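Hi,

Here is the structure I promised to pass on. Have a look at it first, and then read my notes below.

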Amino acid sequence: MSASSRDLHAQPLTQLAAGLSRGDFSALELTQALLARIERHNGSLNAFVTVTVDEALAAAKRADADRAAGKGGVLNGLPIVHKDIFCTRDVLTTCGSRMLENFVSPYDATVVERLADAGAIMLGKSNMDEFAMGSSSETSYFGPVRNPWDTERSPGGSSGGSSAAVAARLVPAATGTDTGGSIRQPAALTGTTGLKPTYGRVSRYGMIAFASSLDQAGVITRSAGDAALLLGVMAGFDERDSTSVDRPVPDYVAGLAGSLKGVRVGVVRQHFDAGLDEHCAAAVREALAVLESQGAILTEVDLPNLDLSVPTYYVVAPAECSSNLSRFDGVRFGHRADDPEDLMDLYCRSRGEGFGAEVKRRIMTGTYVLSAGYYDAYYLKAQQVRQLISDDFRHAFADVDVIAGPTAPTPAFKLGDKTDDPVTMYLNDIYTIGANLAGLPGISVPCGFVDGLPVGLHLVGPHFAEESLLCCAHQYQQLTDWHEQCPGDYR
Amino acid sequence: MNAAWEVVIGLEIHTQLATRSKIFSGAPTAYGAEPNTQACLVDLGYPGVLPVLNEEVIRMACKFGLAVNATIAKRSIFARKNYFYPDLPKGYQISQLELPIVEHGELFIKDADGNDKRIGITRAHLEEDAGKSVHERFDRHSGIDLNRAGTPLLEIVSEPDLRSAKEAIQYMRKIHTIVRYLGISDGNMQEGSFRCDANVSVRPRGQQELGTRSELKNLNSFRFVEKAINFEVKRQIEILEDGGKVVQETRLYDSDRDETRAMRSKEEANDYRYFPDPDLLPVAISDDYIETVRKSLPELPDAKQQRFVGDYALKPGDAAILTANRLLADYFEEAARHSDAEVRLIANWIIGDLSAAMNRDGIDIGDCRIAAADLAGLVDRIHDNTISGKIAKEVFEAMWAGEGTADEVIETKGLRQITDSAAIETIVDKVIAAHPNQAADYKAGKNKLIGFFVGEVMKETGGKANPAQVNDVLRSKLGKLADQ
């Protein structure tokens, strides 16, 4: 192994792209180096459910051949990991569940297809909370994911396998999905950059549905610049997803070159109320000062219904999930109970054995809120509150370009700390859920450390404002090096 | 029917829309393929797949709505109806609950006195069909065939305005005619493209409040609808007259035993937990779109019937028969265009011999063995006296058997009518000479014997003599005998 390829894992995506195009190393060398690293470190992190060694090596060889032939897309030869919620043809897609322990998808998700078409190389599938239901990546049937900054702690969730893998430099970029904060919160807890685009910006086709009106695919990377590169490939209308929006995709990479001067940054009064760790608050305030020092104008904004976002979310999301997960019935695919006595027994045992406790809790909650006699009081009321929350953001964005605050109330918590208390766990997403309810884009960027654990700055923009959001994050990262910090055991 | 009780019926008709692909996927909808060969990943409810609305179903639903004078919703939404069943792949059916695409329609039937009676159409909504469970072919196992899963259905719900099984059938036939006129459904009941559930209740005549209803399922022929309703009405009246109470429940009609059987009670009914489907956007329909669809509507059965009465001077009953099927009406008009004969004669032939032959051989008008122009050719030969009406039936059968046009058959079989007066006179003379006794009786005043002589002459000519001419010649010659 050459001297340059020994530290390939240390390079972020954009740098690797430059190295590949200069011919400093081949896609095969890069892939081999990272596969070796995964082999070495995955045991301590449990970030991967599946490592696709053979497929990755074959794809790397194709990428090198394409490059030699003067072909290949913008991501040619660049490694990536997909959250195990994205369907990948001929490869296991478990969604972190026993229900899909043996499920091999017959097709590729649109996100997977677009990234592969651009030349990205899939190294494997990342671990996650079961069916993306969780904020700690502990509800996976395949065991909890560990945080590279402290393996006794959670990397956040539900995209914790992706955040841990990127933080530990096992892969430069990973896909994730965000229903209530599942990209941004794990990014914050692992010192990585996590982008959740506007609802409808990226196709949901082939992404196993949790809560269809909230789910959105995005990325976890080492920098906003890398996220811009990937989003340009993933975004855009997909005729297979009616909720994807038919609107041009800007050149996000070109958009990074903007300035913070005159950008109106809204600081949410309610974000700094009780509940936010004071050291995290200090780190976030310091980040805001950095933005201000570059000419950004800080304004206080009000999101009066913010405290209703968690309860609203925990009606809407379970309602949709209770219906979305009905297809897992043991009839056509997934786990099927042995020797069922009759149809009811087949259903009850297949689902009883296949789903974990958190998934069952949400299916039951969702079934309840949609039931005759309860629908108006819960589901309908939640939809009304959801509208109020959207209106709050709309009003706020009349005066500001971006809303800034903490991504999560605390740094990474210990594994097992919150598993017995679902409500405390749910409150971990208090700052991120609003963007999902309103369909807004959000990004989390590293902005400091508390007791050696990373803290995230959360930026939310108006619909389809990914370009300016990425620009703000990128400009911030030009002035800080929090995002370049690497956990000691994984340098 | 018991005069003390009033019957109240509302129908829910499921009509399969004749799209090439399914309502939310690109898989084909053709009937009768090998199990599970016409179901794609979306129809199978695979993880991660999403429904995409086939816009053709919107056009078809709009057509129907306009044809029954209904309101087309500017904004309609799809909802999920949640329940578990092995042939329901997603664990929910995509349907419409609030904001259906069609509301507040109507059509008119004839009441017992022959007056127009308005039947309200509450709504018509779009939904996907489920697959089929196959229980017969596998030992102790059930098979699932998902070919039908995702086939588009339009569910047409009437107001409880129907007052008898006869009215229900009339209404159902009318809907059946309309959907086929519009070309939005083949209406094939054997294949399940047109099926019906009936909500049936009875109440003491004069009472405003509705009685407790039962919902009859699985009514896949007009005859079964009538029989099931009549059975159910009788059952409910018997319960009430015995002092009992009708239980709200779903009942299945068993055509083998001609009875309805309880399937599930209200308490056992599913809570379907409907909610708007977040995978599909609301359907927005513009006024322009509605106008474009309106312009594309064909002439509808009621209008066509009136026109037939007005333009062709047909009897209303005949016009109704001819317009019950758009292809039959087209056939009639084409034949009328090609014929010099009286249009009523054409109508009689279509309603009479042609329909009888089609029924006998189980053939639809679309596959009719005699082209409209050829039927006109036959009627014209009657009209111009080339053949008699009686011979025409023979020519018709030959045409039906594929032996050629009327002219060809008449030529080949030598069926041309004898109109040569000299020839007829010769035969008449021969017949009179051969039956001196009858001639004598006629002479003595038994005028009815003219029929006997006509018959004999026709026998002699193989039916080819012109009957009017034979009559004239006979009367003249026998008359002369009488004068002598």
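This is a predicted model: local features need pLDDT of at least 70, side-chain atom pairs count only at pLDDT 80 or more; totals for chains, interfaces and linings use all residues.

Residues are numbered from 1 along each chain as its sequence is written, and chains are lettered from A and ligands numbered from 1 in the order in which they are written. Helices (H or I, at least four residues) and strands (E, at least two) are DSSP runs, numbered from the N terminus, and two strands pair if DSSP finds at least two bridges between them.

Sheets of chain B

S4(B) belongs to an open sheet of 3 strands with the order S5-S4-S15 and antiparallel pairing. Strand S5 (92-95) and strand S15 (275-276) of chain B are at its edges with a single partner strand each, so one side of each has no neighbour in the sheet.

Chain B also has an open sheet of 9 strands, with mixed pairing, in the order S2-S6-S7-S10-S1-S11-S12-S13-S14. Its edges are strand S2 (71-72) and strand S14 (259-265) of chain B; each has a single partner strand, so one side of each is left without a neighbour there. Strand S6 (residues 102-110) and strand S7 (residues 116-128) of chain B run antiparallel and are joined by 8 bridges. Contact here is for C-beta atoms, placed from the backbone, that lie within 7 Å.

A helix pair in chain B

Helix H6 (residues 316-323) and helix H8 (residues 343-361) of chain B have axes that come within 11 Å and cross at roughly 60°. B:Asp318, B:Ile321 and B:Leu322 in H6(B) meet B:Ala347, B:Ile350 and B:Ile351 in H8(B).

Inside chain A

How many of the 8 residues of helix H5 (residues 110-117) of chain A are buried? The count is 6, where buried is 20 or more other C-beta atoms within 10 Å of a residue's own, with C-beta atoms placed from the backbone (12 or fewer is exposed, in between is partly exposed). Among them are A:Val111, A:Arg114 and A:Leu115. The buried residues of H5(A) pack against strand S2 (79-83), strand S3 (121-126), strand S4 (173-178), strand S6 (216-221) and helix H8 (224-234) of chain A. Just after H5(A), A:Gly119 has a positive phi of about 105°.

S3(A) has 6 of its 6 residues buried, so the rest of the structure largely encloses it. Strand S1 (residues 48-51) of chain A pairs with S3(A) in the antiparallel sense over 3 bridges, whereas S2(A) pairs with S3(A) in the parallel sense over 5 bridges. A:Gly124 is the bridge partner of A:Val51 and also of A:Val81.

Where the chains meet

The contact takes 31 residues from chain A and 24 residues from chain B.

Cheers

Terms used:
Two residues are in contact if their C-beta atoms, placed from the backbone, lie within 7 Å. Axes are lines fitted to C-alpha atoms, for helices over the stretch in contact, and angles run from 0 to 180 degrees between N-to-C directions.
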